[in-house]
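Here is a short briefing on a protein–DNA model. Read it alongside the sequence and the coordinates.

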2 protein chains.
Amino acid sequence: MNSRKRATIYDVAKELGISPSYVSKALNNHPSVGDLIRRRVKEKADQLNYKHNSHAANLRRGQSRTIGVVVPHINQSFFSDAISGIEEVCFARNHSLVICQSHESYEKEGKAIETLIHQNVDCILISNAEETISAHHLRQANKNKIPVIQFDRCLDDFDSFKVVNDNKAVSYEAVRSLIREGYRNIAFLGGPSRVKTFQERKEGFIAAIDEANLPIPYNFIVENALSRERGRQAAMPLLKLPNRPDAIFSVSDYQSLGVMDAAAVLGISIPSDLGLFGFADETFAQLVTPSLSTIDQHSVELGRKAAELYFQHIYQQEQMPETETIVIASEMRIRQSSRRQ
Amino acid sequence: MNSRKRATIYDVAKELGISPSYVSKALNNHPSVGDLIRRRVKEKADQLNYKHNSHAANLRRGQSRTIGVVVPHINQSFFSDAISGIEEVCFARNHSLVICQSHESYEKEGKAIETLIHQNVDCILISNAEETISAHHLRQANKNKIPVIQFDRCLDDFDSFKVVNDNKAVSYEAVRSLIREGYRNIAFLGGPSRVKTFQERKEGFIAAIDEANLPIPYNFIVENALSRERGRQAAMPLLKLPNRPDAIFSVSDYQSLGVMDAAAVLGISIPSDLGLFGFADETFAQLVTPSLSTIDQHSVELGRKAAELYFQHIYQQEQMPETETIVIASEMRIRQSSRRQ
DNA sequence: GTAAATTTTTCAATCGGTTGCATAAAATGA
DNA sequence: TCATTTTATGCAACCGATTGAAAAATTTAC
């Protein structure tokens, strides 16, 4: 107990005068171990302050009961909520979680995947970085027998389970709601166009414009302007045009913040001169003035679903999963920024 | 290469006609391996898509080159920023990170520690949950030869390295700034009083009141009201009093949000009728209206320091560290909510 | 009371690297 | 050329838990 090293099943076995393997079975509730012994073993283990060594077990088992998660930033509510959902499911299944941030960098994302491979995680759940252009790292994981499930930001050319929002549909609805409020010159601020998520949001935007028989405002479509800063930079020239847009549909709340910054500088008031719609329902969306209309992605549910996918389709059966895409319905949160009165 | 299992050093060794141990040494840049062989081994390893198995290495080595982090919530900027700092240092030292959330629950915190012990992390960096009343789980870690470093929310009765802000000093300054603005009836909304962090913030509050020769407003001191909801619940009765406070010093931005909620309901306007100071400089602090005066805890730096402490004092030498407390200076961000004009 | 069936317990191999020590090979020196 | 030093390579034990098969102990059946 006071030795320099941690107690092992060998220590527990010796104390009890039984074999280590028997101790292992007792601790794992193996059916061939009776109640009495099981109880006695567990007691003694406690007494010796024995703690299971996952590394040893994982090495032997060849699986780690650990799920790796890679997201761009853990402090954006969409991702931290999704992680909460994942955590919940994993916890119930007695699996642990390793969370990595890519900070939107492809290089860091690759390193994260590498680490997760080394740790021999049983599955990788990933929402890709903005920078990510190739699925090389994901293929790398697959080559090492680790299944990958993509959520939210998915690469189209990598076959895997995917869990996404109804991006097109909800974007369509959001833009329709702008049109309903009387906005006619609606601009679109997008994300990296290679990421399907943002593609779809654009498609929804175009569909709504089209349906309302408005001309598609090609010069009002800016891609790859995801952060607050880049949102501001993208909005600024648009809002300086003589025939500037009277509303902006934006694919992220942070981006919308940038639009608000630009509008403030130019003295354009929201929502009267400029309607604004964001995406993600970050904490601050309801707190800014005017409060930001946005889209609640039901991210906890989305994360939960992604994790469940692993347990239901991959964990159970041996065969590699077929590709499949799960769609989580999202919901508009209409607030002041898109209400022209 | 197409076998069902991942390549190991044995596979690499066989292909090259050398021994596995030699491969291991080559891959680890052991000095007794020449350049030529080293290069050849690494090439072949790549070719076979060999990936190091951390579990095997960790088992043998008895250490995991992994640091465990436990925080209440990953989506509060203070914590996610601190994690960024920790990540940065660990990355530079080639260590990986396991991040756990306690969701402010003592039970979950205990489970997290348990998991980290099983994973045999080399060190645990923790900011305690609101609920945490005992250091039993931290002692548990120590018993299992895992050093613990506390940051921000520290338990006083557990000896360890601690990295904290100058809570008392900055709180004192913040309250002084309220007094300077002419506020005289200042209330205090606190966190769980057993957590030293919040104790100190209260002490700073009292010191400033005292120094200004104002009476200590014992009936205006509410403890344990950390969340937005509880902040609102705590503020409501205070603000309904006939001689209600004319300012509130609050120990968290979320709590301040609750105060704003209450003030809005009661038609009390900030900052003219009520001054407000928060703590943490969350993203939303500068976005709300009026913008929230708060305290930037320099949390990235704080996290960095906590991680460095491990590498400098524990990782290097064998002996257990002496207790020591590092103080990170924080900084006021005075905005509208505390400016009476 | 003994054979058969069943339950309890142990054996021994295994997972994949790591590492100190031994050995082999090469380089150096006289 | 042979002894000596230096450098390169391999051996084998080890980390701690798991697991199927074998052995031992117990129960059941006749």
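The side chain of Tyr10(A) places an N or O atom 3.0 Å from a base nitrogen of DNA strand D. That is a polar contact, meaning a pair of N or O atoms within 3.5 Å; within protein, one must be able to donate a hydrogen and the other to accept it, and residues adjacent in sequence count only if both atoms are side-chain atoms. This is a predicted model: local features need pLDDT of at least 70, side-chain atom pairs count only at pLDDT 80 or more, and totals for chains, interfaces and linings use all residues. Residues are numbered from 1 along each chain as its sequence is written, chains are lettered from A and ligands numbered from 1 in the order in which they are written, and side-chain values use heavy atoms, with hydrogens and water left out.

**DNA strand D**

- Lys25(A) has a polar side-chain atom 2.8 Å from a base oxygen of DNA strand D.
- For Lys25(B), a side-chain N or O atom is 2.5 Å from a base oxygen of DNA strand D.
- There are 25 residues around DNA strand D, and Ile9(A), Ser21(A), Arg60(A), Tyr22(B) and Lys25(B) come nearest.
- A residue is near a strand or molecule if one of its heavy atoms lies within 4 Å of it.
- Sugar or phosphate holds 58% of the atoms of DNA strand D within 4 Å of the protein, and bases hold the rest.
- At least two residues each come from helix H1 (9–16), helix H2 (20–27) and helix H4 (54–61) of chain A, and from helix H2 (20–27) and helix H4 (54–61) of chain B.
- Helices (H or I, at least four residues) and strands (E, at least two) are DSSP runs, numbered from the N terminus.
- H4(A) gives the largest share of this surface, four residues.
- The surface near DNA strand D has nine nonpolar, nine polar and seven charged residues.
- In this count, Ala, Val, Leu, Ile, Met, Phe, Trp, Tyr, Cys and Pro are nonpolar, Asp, Glu, Lys and Arg are charged, and the others, Gly among them, are polar.

**DNA strand C**

- Around DNA strand C there are 26 residues, of which Tyr22(A), Lys25(A), Ile9(B), Ser21(B) and Arg60(B) come nearest.
- Of the atoms of DNA strand C that come within 4 Å of the protein, 55% are sugar and phosphate.
- Ser21(A) puts a polar side-chain atom 2.9 Å from a base nitrogen of DNA strand C.
- Tyr10(B) has a side-chain N or O atom 2.9 Å from a base nitrogen of DNA strand C.
- Ala56(B) uses its backbone: a polar atom there is 3.1 Å from a base nitrogen of DNA strand C.
- H4(B) supplies four residues, the largest share of the surface near DNA strand C.
- By class, this surface has nine nonpolar, 10 polar and seven charged residues.

**Nonpolar cores**

- The largest nonpolar core has 56 residues; Leu125(A), Ile149(A), Phe151(A), Ile149(B) and Phe151(B) touch the most other members.
- Apart from it lies another core, of 50 residues, including Ala187(A), Leu274(A), Phe284(A) and Ala285(A).
- A nonpolar core is a set of buried Ala, Val, Leu, Ile, Met, Phe, Trp, Tyr and Cys residues joined through side-chain atoms within 4.5 Å.
- Buried means under 20% relative accessible area, exposed over 50%, and partly exposed in between (1.4 Å probe, protein chains only).
- Beyond four places in sequence, the contacts of Phe151(B) (heavy atoms within 4.5 Å) include Val71(B), Leu125(B), Val163(B) and Leu302(B).

**Strands of chain B**

- Strand S5 (residues 161–165) of chain B is largely enclosed by the rest of the structure, because five of its five residues are buried.
- One side of S5(B) carries Phe161(B), Val163(B) and Asn165(B), and the other carries Lys162(B) and Val164(B).
- S5(B) pairs in the parallel sense with strand S4 (residues 148–151) of chain B over three bridges.
- Two strands pair if DSSP finds at least two bridges between them.
- Lys162(B) in S5(B) is the bridge partner of Gln150(B).
- S5(B) also runs parallel to strand S11 (residues 324–328) of chain B, joined by five bridges.
- Val164(B) has Val327(B) as its bridge partner in S11(B).
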